Amino acid sequence: MARVLLAGESWISQSTHYKGFDSFSSTTFETGADAFIEAARSQGIEVDQMYAHDVPDRFPRTVEALSAYDVVVLSDIGYNSFVLPNSVWLRGERTENALVSLVEWTRAGGGLMMAGGYLSFQGFQARANFARSPIAEVLPVDMLTSDDRAETPQGAVCRVVAREHEIAAAWPGEAPQLLGYNVVTAKPDAQVVATVDDDVLIATREFGQGRSLVWTSDIGPHWCPTEFLEWEGFAPLVGSMLRWLGAGRAS
């Protein structure tokens, strides 16, 4: 069974409430990964989620530490969270670069996945900033250097384009439409498995002894609507993507 670490896909929001003369603030914590984690569990795969606020100081920073996992999923968490731990940001100390380690870990047989979001690929106002990061070498796609979001509130059509790929076997019939995604272009040695409005939705790539995969939409709302999360193909698709990524370790 693949050992999976999901980094990100959580956020903290602070609101200020105005009621006439008075005001007060409230803080909430949210995670958008519940449906993805449950889908994986239904396929016999356990996913450990590391919340976004824990990533700077808790994400594995060495190849040795990453070796506890077969698959690492980065979802809606930007470049800065991996390169600015407190030791660097607050104390000016040198430390290992987690993204450099991710490259070497993948090359040695790990499975790296990036899921879409406002802080994935380049993201909202290009703040995710992965286009010039070390893992740009690993992913099966090239990223834009600008804001790469495609917001499609009218719906974007998803299609399988590589029926021979083992991931495609988990895609039963027509999928519900998605409400947005990150625009990327496939590298020459990548295989595009599925598209969304003729852009890349799922692409895979062999990298050294390892594997990489992108899912360019969200793994939960808002881009991935309830209809998609409740679609009969969602859980099998999640399981198939994670198993394909984990197979690099087994081989």
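In what order do the eight strands of the open sheet run? Select them and follow S4-S1-S5-S6-S14-S13-S12-S9, with mixed pairing. Strands here are DSSP runs (E, at least two residues), helices are H or I runs of at least four, and both are numbered from the N terminus. Two strands pair if DSSP finds at least two bridges between them.

Before you go on: this is a predicted model, where local features need pLDDT of at least 70 and side-chain atom pairs count only at pLDDT 80 or more, while totals for chains, interfaces and linings use all residues. Residues are numbered from 1 along each chain as its sequence is written, and side-chain values use heavy atoms, leaving out hydrogens and water.

Angles run from 0 to 180 degrees between N-to-C directions, using axes fitted to C-alpha atoms, for helices over the stretch in contact.

Now zoom in on S9, which pairs with S12 (residues 191-196) in the antiparallel sense over three bridges. Pick Cys 158 and you'll find Val 196 of S12 opposite.

Next, show helix H1 (residues 34-42). H1 lies across S1 (4-8), S4 and S6 (111-115), and runs at about 160° to S4. Contact means heavy atoms within 4.5 Å.

**The largest pocket**

Select Ser 10, Trp 11, Asp 76, Ile 77 and Leu 119, which lie nearest the pocket's centre among its 18 lining residues. The space inside is about 270 Å³. A pocket is an open set of points on a 1 Å grid over the protein atoms alone, where a 1.4 Å probe fits, with protein on both sides within 12 Å along at least five of seven lines; lining residues have an atom within 4 Å of a point. The volume is the space filled by probe spheres set on the points, which are joined across faces, edges and corners.

Strand S2 (10-19) and helix H4 (80-83) each supply at least two lining residues.

Show Phe 82 and Phe 130: their ring centres are 6.4 Å apart and their planes at 55°, so the pair is tilted (centres within 6.5 Å; under 30 degrees is stacked, over 60 edge-to-face, the rest tilted). Phe 82 sits in H4 and Phe 130 in the loop between S6 and S7 (141-143), 48 residues apart.

In that S6-S7 loop, stop at Gln 125. Its phi is near 55°, a positive value in a residue other than glycine.

Finish at the cis peptide bond from Pro 221 to His 222, with omega near 20°.

Terms used
Rings of Phe, Tyr and Trp (its six-membered ring) pair if their centres lie within 6.5 Å; planes under 30 degrees apart count as stacked, over 60 as edge-to-face and the rest as tilted.
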